[in-house]
Structure formats: C-alpha cells, structure tokens
Amino acid sequence: MPWRRLLITFLLILPLLWLLAYGFTRDPRYIASPLIGRQAPDFRVLLFDGKELKLEEIRGKIVFVNFWASWCVPCREEARDLEAAWQRLKDKNVVFLGINIQDRQEDATKFLREFNVTYPNGRDLSGRIAIDYGVWGVPETFFIDSSGKITYKHVGTPGAETIMVKVEEAREGLVSAKEGKGSYQSIR
Amino acid sequence: MTATIGHSCVVIAFLLAIWGIIAPLLTYKTGREAFFASTRAGILGQFLLVTVASSALIYALVTADFSIKYVAFNTTRATPVYYRVTGLWGALEGSLLLWEWLLVIFSGLVAWIYKDRHRELMPWVLLIFSIVSAFFLAVIAFASNPFEVLSPPPADGRGLNPLLEDANMITHPPLLYTGFVGLTVPYAFAMAALIIGRLDEAWIKTTRRWTITAWCFLTMGNLVGAWWSYHVLGWGGYWAWDPVENAAFMPWLPATAFLHSVQVQERRSRLKAWNLFLIIIAFSLTIFGTFLTRSGILSSIHAFSSGPVGTLFLSFLALVLLGSFGLLAYRMDHLRGQPEFDSMISRESAFLLNNVVLVSALFTIFLGTIFPLLSEAIAGVQVSVGAPYFNSVTVPLFLSLVFLMALGPMIAWRRASWNNLKRNFLWPALASIGVALLLFVWAIRDFLPLLGFMLSAFVAFTIFFDTARAVRARRRIAGERIATALGTLVRRNQRRYGGLVVHLGIVLIALGIAGSMSYSIERQATLEVGQSLAIGPYKVRFEGLRGLQQPTHFRVEATFRVFNNGDESRLYSPALKFFPNQQAPVGRAEFQSTLADDLYIILSGFSEVGKNQATLKALVRPLVAWIWIGGVVIVFGTIIAIWPFRGESGERKDES
C-alpha cells in the first residue's frame, strides 16, 4: 500500500511548507506601536532658529510631528508634500513640527533650505525624543490631537492625501486602529 | 568582460547540470554506457566551468572591477586584498557561487573516485548531485546573479559589511558550507539506494568517511561562528540562539545522530529506515537553513538581504522533502522485517537513545525557531522565543547526551552483561562522583553545573580507563612500550579511538559551556583616567583614549591596564570603529584568555576624545577557552578516524 503511505507523508510535510510560505506574507520586524491612542510623551526641542519648543506649550492644537534625517531618501521624497500640506493647514489650528535625528547640523540646514521648509524644525540632539516615540527609522510621523493624544502614526512617507485626512480625523478626536506604511529607511 | 565570462560559465554549467539529470535516466532506459560516461563528463565540465566562474569573480574582486555590481557593493579601493578575496562570501550572490563551487568539487571527487565502483548506484548518485547543482546554478544564473553589471561603474565601492572584516570570517562560511555540501554525498548515495531499492549497508559503508568529514566541517563551522560572535560582536557571548545560528546548528544534530545510528545498521542490520530518515532530514536542514537565512521570514540579529531567492529555496525545499520522503514511504516495504533488539542494555539501545535525544533536541530547537511564525499563523499573536527557552529545554537533553557518550562506546553490543557494566563503569563512576564531591566542597554548589562537570568527568574517566587497560594488554601480549602500544591500538582501531578523541573534544566543549553559562560575572562602569573597576580576581584601570584613522574607518581606542590579583599584566585596547557608511559604530572588544577564565573588555561609550572618559563593560567568563580547545581536539579525533593508514586498515570488522 505505498500510495496510502505516500499520501500520509505528503499530508505531514505540506503544513510545514504552508507555514514557511505564510512567512512571506508578513514582516517579522513589524511591531505595532503601542503609542496610538495614548498620551503623547512630552519633550523639549531646540529649534534651528535657536528657540526652544515644548510640546505642552502647543497643547490645544493639532500637532503633526515628523522625524527625519537629511541622509534619508524617503524623507527627500516626502519633503515637498509636507511643506505643501503645511501651507494649506497652517492657519487651521495645526502645528507642524519636524524633528531631525542622527544627522549633522550643516546637512540638516542644507536640507531645509533645499526644500524651502517653513514650519518649525528642531534637532533631537540626545536621541531622547526618538527613543520616547519608539522611532525605528525615518521618516516616522505622529498625529496628536488637541488633548495631547496620539491618534495616528505613519511609518515611512505618508503622502499628501493621508496627511489631510489624518489631520481632520485628529481634529475629531478619531483614533486610528493601525499605523500606516510608506517607503522607509531603518536606523537600527 | 569578466562578467560575461563568469555568467556564461554559470549558464553553460546549468545546461550541463540539466544534462546530468537527463543522461542517467537515458542510461537506465537504454542501458547504454555512453550516456553514463557523458553524465560523468558533465559533472567534470560543471566543475571546470564553476571554477572558472568563481575565479572570475575573485579576479574581479581583487582587481576592484566596479563595473560588476557585486564587486562594487562588497569592496572598496581601500579594502586589503585578503578581504577582497573573502568578499566572495561576503554577500548572498557570492555565497551561493561558493556553495555551488564546493558542491561541484564534491560531486567531481565522487564521480572521479568511484569511476569503476558502484556501477549500479553511480548514475543515480550523479543524478541527485545534478539536481542539487542545477538548482543552485539556476538561482545563480537567473535570480541572484553575482555578475550583474553596473553601468556606469562607480568610482569606488561600498565595501564589505565591517563586521565581516575579520580573520574568522575568512574561514567561517567556507567551513560551514563545506559541512553543508559534504552532507550532500551521503544524501545522494541514500537517495540512489532508495531509487534502485538496494537498501543494504553498501551506501553507508561507502559514505562513512564523507559523512565524518562533513560532520567535522559542520562542527568547525559552528565553532568558528561562535568564536567570531564571541570576539567580534563584542557582547561577551558566543551563542544567542538566533534563528540564523540555529539554522547552522540544526543539521549538526541529525548528522551526529546519523553517524551513530549507521553503526547499528552496519553491525546489526537495523534502523535502516531510520538512517535514511536522518540523512534526508540533515540534508533538508541545510537547504532550510539557507532558506531561513535568505528569506527574511524570521526576525534575526543577522540582517541578510532577501529577495526572490527565499521563494526559490522554499520551492527546492518542498521538492527535496516531498521527493525524498515520498521515495522513502514508497520503499518502506523493502525496509521492513528487521530483527528486534536483543536487550535494552546494549550498545544499540545506547545509540538509539542517543538518537532519540538528538532528534528531540532538533525538534525543540526547530520548534523554538519557527514558533514566532506558528504563533502568528495560528493565533495571530506576535511572540519571540529567546535564549531562556532554548537553554531550559536543551540543557537537560545535552546533559543526558554527555551521559550517553560515556555509555555508548563501552557497553557491549547485543546484550551487556553485569560483568561488562561493572568492568567498564564501576571505577569511572566512583571517580567522577569523587570529582563531584571535591568540586562541591571547593565551591560549586549548583545542581546543573555540578551534574555537568560530573558527567564530563565520567566520560573522560571511562575513556582513560578503557584506553589504559587496552594499552596494558598490548604491553603484556606484544611487550610494546606505552607510546608504541597506543599507536598500534589507534592504527588498528582508528574508528573507535578517533571517536573517543572526538568525545573528549565534546566533553571539553561541555565544560566550557557549563563554566561560562553558570559562573560569568559582568560589571559596567564609567571611568576617568586613572580610575579602575574591580571584577573577580581582576582590576581594570583606564589609561586613556585615542583616535586613529584607519584605511576603511575611524577608530576610537580606550586603553586599559589589567591587574590580575594585584599583578600587573598587559594593556588592552577595546575600540569603537566608525565606518563612514554605517549609522552606528562597530565595537571591537578585547579579551585575555587563560585556561581558567577569560576577561572580556568592551568599550561601550566615551565622551569626546579630549575629555577622556570611557564607559566599559567587563565580563569574566570561566572556562571559555576549553570550547575552542575542544574544537581542535575534535579535528584531531576526526583525522584519526578517517586517516588512510596503510596495511592494517581501519575498515576491519572487529573494531570495537
């Protein structure tokens, strides 16, 4: 009865192969952020113009926090979208804040000049802010509502459309279930 | 030009490998010897072509031919020549080429050595080799081409991963791949035996030396990997149970089981199906390992690139598993009707038990490795399985293996008598209990390490006791001196004594692992110049920082003077290396090693070079050096086991 044995053998092996194939459908490095729906960690950041900004001071506004670095290719891709969105939203009780990480001062300044970035940007010199926000690469973007709660996180380039939609959702206090993904560069 | 030569060689070799699959079938169908001769010629042709292709890539690496993408990504103009050569296995495409190169070397050797022997088996052996070779060549030619051109060529290359710029990286991958590829030989013979249905002991006897050699390379590959991890990665450990490490270690377990269980088949004609099962598993695991490493399906500290290669390896793994086990299931009727074991207390039961333990270890490690996948597929929950799981499940298994290592070689075949047990084990058992008592009185009070040391001593005592008795017998019979008697014994019984020496090597490794796992001390401190940190018997004094520009990177070195029990010893300079194209610095730990313990110094941070402040982490790890010494002993034992002594051949029947 070799055929029955063959069948049994195959039935034993196939689930394993299926499991390994299933592995391709997921990203083992992906860990859902526990921050969505939680209070945004407070921080103090030194801006490029020399002023200091404390997150708590802008409580009551919708805050768009974007972590970036000048060496990061996706950050270059999104830079114009971000500035365009800022121009449309800046008078609507929204604050954009760029946080430059793992970078050199002169490279970062050059980047801001190159893309004519007008919204406030600061440097996370000690790396504390990035650690508090569990930043795993650049760009990463957090949307914070007027009560100081993180409503949405986007890993990688968000695109203009998403920014507009998520800012409106933050205005309504709507918390997203999952983070979004775009093109991305890991820093670990 | 180089790229064209290399790539054409690979493509032509692929076509020859396809012929290597077709020709044996034609030999079988038509019975014409010419087809078989062409199979052999094809294998030889593959060997020549892949050798040319590999040499072409090495040539491109050495001459820094950046028009080839692989060269541009894995060397720079500043890379020293030896690291350019090792760039061959610095990344996926080259590693696959190296693998294929080793494979055609092995298959070429097999085709050449057995050209007049095993006429019935050989076409099928070469068929299996050709299938494996065709797969690798297809991947190299069409999916992961090391000869891909870059136009226009960049001015300088990106360079090797700095962690691979280390002398051990010159040896680790080739050793491991040789071990992996070496297992193809017994696998090919096993499959050939299954295909023609001649399932006697012929294939096992033929492949014995191949298997032992492959096993030795596999052992070395893993040990050198551990050694690299220990002294380059700078975390003070040598094994982290990372999926990629497990992938390299897993084939070792069934290969070890196989080495033992084939002896039962050779002598007692038993475990035939089991041996086939083991070799299929061992070979599949070498493919599975590469799949795991290259598919990126599991999260690992070893970041490897992925791509279409993962899917291809999975498909090939499916072919190997379904094909081999299918064939085994189909031939099961030929494997039935073996006699029962005579007694539970016999060498065959000891070997069987050893197999059960090794396969259980394999199963638990395999389960732990793929558990994150399993858990997410079935329960949708993300988990990670770490060292605590692996340690707690494997330590008892490995301890029982050590115990069986004492039992197996000394207990009689078929049925051990009370006398046999008493003769071989009474004194060693008493002596090892004595050792355990001494250790207990001295300092060691924890159960597991104490048990580990006692069992290791037990193995060593059984070996010394047995050898001493044999030497005494020779002196009495032949009047030889001790050294001569030992030489005669080893020559006449090379398998047995080679095996015993390997066992001693394993015992030394067990000692090293038990000592370093149980009694390590770790301390961390930020020091200013002149301040020191006390750890165990050592005192580490910080002497200063300096920065150095190296060909490929900038290096910050902290100098520490080490005092051992107050005596001044030499200076150590652990460093952090800053590579221009890497985000984070690469640590370079330093350590001093003695037979008793290693002092391991890691520079984990510093404040700007001018300020002279360093954060260091120091570890004292007892007995680590014995792991590496054990490795050397294993190589020595393997050489004894396979050395072609003239005259009194090692293939004699009455060996043990």
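Visitor: How many bridges join S8(B) to S9(B), and do these strands run parallel or antiparallel?

Guide: In general, the strands of a sheet pair through backbone hydrogen bonds, either parallel or antiparallel. In this predicted model, S8(B) and S9(B) are joined by four bridges and run antiparallel. Within this pair, Phe591(B) stands opposite Tyr600(B) in S9(B).

Visitor: To which sheet do these strands belong, and in what order do its strands lie?

Guide: The sheet in chain B is open and has four strands, in the order S1-S10-S9-S8, with antiparallel pairing. Its edge strands are S1 and strand S8 (590-593) of chain B, each of which pairs on one side only. Direction ignored, neighbouring strands of the sheet are turned by 20° against each other on average.

Visitor: Which strands pair with S10(B), and over how many bridges?

Guide: Strand S1 (residues 521-528) of chain B pairs with S10(B) in the antiparallel sense over eight bridges, and Leu527(B) stands opposite Ala614(B) there. Strand S9 (residues 597-607) of chain B also pairs with S10(B) in the antiparallel sense, over ten bridges. In that pair, Leu603(B) stands opposite Leu616(B).

Visitor: Is strand S10 of chain B mostly covered or mostly open?

Guide: As a general idea, the side chains of a regular strand alternate between the two faces of the sheet. Strand S10 (residues 613-622) of chain B is mostly covered, with eight of its ten residues buried.

Visitor: Where in chain B do S4(B) and S5(B) lie, and what do they form?

Guide: Strand S4 covers residues 554-564 and strand S5 covers residues 567-572 of chain B; the two pair in the antiparallel sense over four bridges. Together they form a hairpin with two residues between the strands. In the turn, Asn565(B) has a positive phi of about 50°. One bridge places Phe563(B) with Glu568(B) of S5(B) as its partner.

Visitor: At what angle do helix H9 and helix H20 of chain B pack?

Guide: Helix H9 (residues 202-231) and helix H20 (residues 625-642) of chain B pack at about 170°, and their axes are 10 Å apart. That angle makes H9(B) roughly antiparallel to H20(B). From H9(B), the residues of the contact include Arg209(B), Cys216(B), Leu223(B) and Trp227(B), while those from H20(B) include Trp628(B), Val635(B) and Ile642(B). By class, the contact of H9(B) with H20(B) has ten nonpolar residues, four polar and one charged.

Visitor: What does the radius of gyration say about chain B?

Guide: For 656 residues, a compact globule would have a radius of gyration near 26 Å, and the 27 Å of chain B agrees with that. The secondary structure of chain B consists of 20 helices and ten strands. Its C-alpha atoms fill a box of roughly 80 × 70 × 60 Å along the principal axes, and buried residues make up 50% of the chain.

Visitor: Why is chain A described as more spread out than a compact globule?

Guide: Chain A has five helices and ten strands. Its radius of gyration is 21 Å, well over the 16 Å that the globule rule gives for 188 residues, so chain A is more spread out than a compact globule. The C-alpha atoms of chain A fill a box of roughly 80 × 35 × 30 Å along the principal axes. Buried residues make up 31% of the 188 residues in chain A.

Visitor: What is the strand order of the open sheet in chain A, and which strands stand at its edges?

Guide: That open sheet has eight strands in the order S2-S1-S5-S4-S3-S7-S8-S9, with mixed pairing. Strand S2 (52-54) and strand S9 (180-181) of chain A stand at the edges with a single partner strand each, so one side of each is left without a neighbour in the sheet. Helix H5 (residues 160-171) of chain A packs on this sheet, touching S3, S4, S7, S8 and S9 of chain A. The direction of H5 makes about 165° with that of S8(A).

Visitor: How many residues does each chain give to the contact between chain A and chain B?

Guide: The contact takes 19 residues from chain A and 23 residues from chain B. On the side of chain A, these divide into 13 nonpolar, three polar and three charged residues.

Notes. Residues numbered from 1 in each chain as written. Chains lettered and ligands numbered in written order. Axes fitted to C-alpha atoms, helices over the stretch in contact; angles between N-to-C directions. Parallel < 35°, antiparallel > 145°, perpendicular 65-115°, else oblique. Contact = placed C-beta atoms within 7 Å. Nonpolar A, V, L, I, M, F, W, Y, C, P; charged D, E, K, R; others polar. Pairing = 2+ DSSP bridges. Rg over C-alpha atoms; globule rule 2.2 N^0.38 Å. Buried ≥ 20, exposed ≤ 12 C-beta atoms within 10 Å, placed from the backbone.
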